[in-house]
Amino acid sequence: MIYLTSPATVGLTALLFFIAIFGRYVLFSLGFWWLFNVSLKEQFAHRAVQTRPRKAGQDWREIGWSVVTSLIFTGIAIGVIYAYQLGYTRIYTDIHAYPLLWYPASILLVLFIHETYYYWLHRWMHRPGIYKLVHKTHHDSITTSPWTAFSFHPTESTLQAIVIPALTFILPLHLSAVGLILMIMTLSSAINHLNTEIYPQDFNRHWLGRWLIGATHHSLHHTQFRFNYGLYFTFWDKWMNTESPDYHRLFGEKSKKVVGSEKVSVLGAKSEE
């Protein structure tokens, strides 16, 4: 664990964290963008969820907001390091300090709590008055891309960022588990904003896939606004009846490839029209 002992170490640590946070965003966003818009463009062109063209300059606007988001995330990370040094958090570095089963259980528990927090925060951000002040910046991107993943108003960035650090004061979490959770968060956000459905045919009805949010699910939120509020998982939307009624139909359309008179799934299974 890094120790902050002087203004110089604080500044250097903050710079390294910013590079890591913003760099992670750029790495995932650029990687997904290149893979599905350049390398595999023809194979996945039919899987574009929203066909409305993106606005002129939208990429750079989203990257600009993402820089601000990364700065906010960096500031909160520095605060957590200070709290750790003072013994206020429950972050641990000895993997044997708790039963090994706790390691995966703690990750799943944090993801569940984060999902719950975000779902209700997200619904609150769509309230009249709150929306324009907090959430409209993100929804200016109607046709999303991986660059949209961190494009938030500073208030929203702060509200999103506080939950996982807060949990480090309550739950014992191994340092690497915290890092893994943050990687899952970035990866999930990039996939959800990709605007290209990458999951295979019928994955929306698979025992696992039915609970995971992907590009189709989240793109509907950006176009319909009043459905699909989840972050990683669909269970709150299902429980609260806020999942879009168009989701399964649209997923079926986007997860099939039309070849002649046949539709072929990404996995190669064929079905006659």
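A residue is called buried when its relative accessible area is under 20%, exposed when that area is over 50%, and partly exposed in between (1.4 Å probe, protein chains only). By this rule aspartate 246, at 25% relative accessibility, counts as partly exposed.

The structure is a predicted model, in which local features need pLDDT of at least 70, side-chain atom pairs count only at pLDDT 80 or more, and totals for chains, interfaces and linings use all residues. Residues are numbered from 1 along each chain as its sequence is written, and side-chain values use heavy atoms, with hydrogens and water left out.

**Helices and a surface patch**

Helices are DSSP runs (H or I, at least four residues), numbered from the N terminus. Helix α1 covers residues 7–39 and contains tryptophan 34. Tryptophan 34 is partly exposed, because its relative accessibility is 47%. Together with Leu30, Trp33, Leu35 and Val38, Trp34 forms a nonpolar patch on the surface, with about 450 Å² of accessible area in total. Such a patch joins nonpolar side chains (Val, Leu, Ile, Met, Phe, Trp, Tyr) within 5 Å, each residue having over 30% relative accessible area and no salt bridge. The areas come from the Shrake-Rupley method with a 1.4 Å probe.

Helix α3 consists of 28 residues, 58–85, and should span 40 Å at 1.5 Å a residue; the distance of 41 Å between its end C-alpha atoms agrees with this. The expected span is 1.5 Å times one less than the number of residues. After α3 comes glycine 87, which has a positive phi, near 80°.

**Salt bridges**

Side chains of opposite charge can pair when their charged atoms come close. A salt bridge is counted when a side-chain nitrogen of Lys or Arg lies within 4 Å of a carboxyl oxygen of Asp or Glu. The whole structure holds six salt bridges, including those in the table.

| Residues | N to O distance |
|---|---|
| Arginine 54 and aspartate 59 | 2.5 Å |
| Arginine 54 and glutamate 62 | 2.7 Å |
| Aspartate 246 and arginine 249 | 3.8 Å |

Arginine 249, the partner of aspartate 246, is partly exposed, with a relative accessible area of 45%. Elsewhere, shared partners link Arg54, Asp59 and Glu62 into one salt-bridge network. Glutamate 62, by contrast, counts as buried because its relative accessibility is 0%.

Terms used: Helices (H or I, at least four residues) and strands (E, at least two) are DSSP runs, numbered from the N terminus. Patches are made of residues with over 30% relative accessible area and no salt bridge: like charges are joined within 9 Å, nonpolar side chains (Val, Leu, Ile, Met, Phe, Trp, Tyr) within 5 Å.
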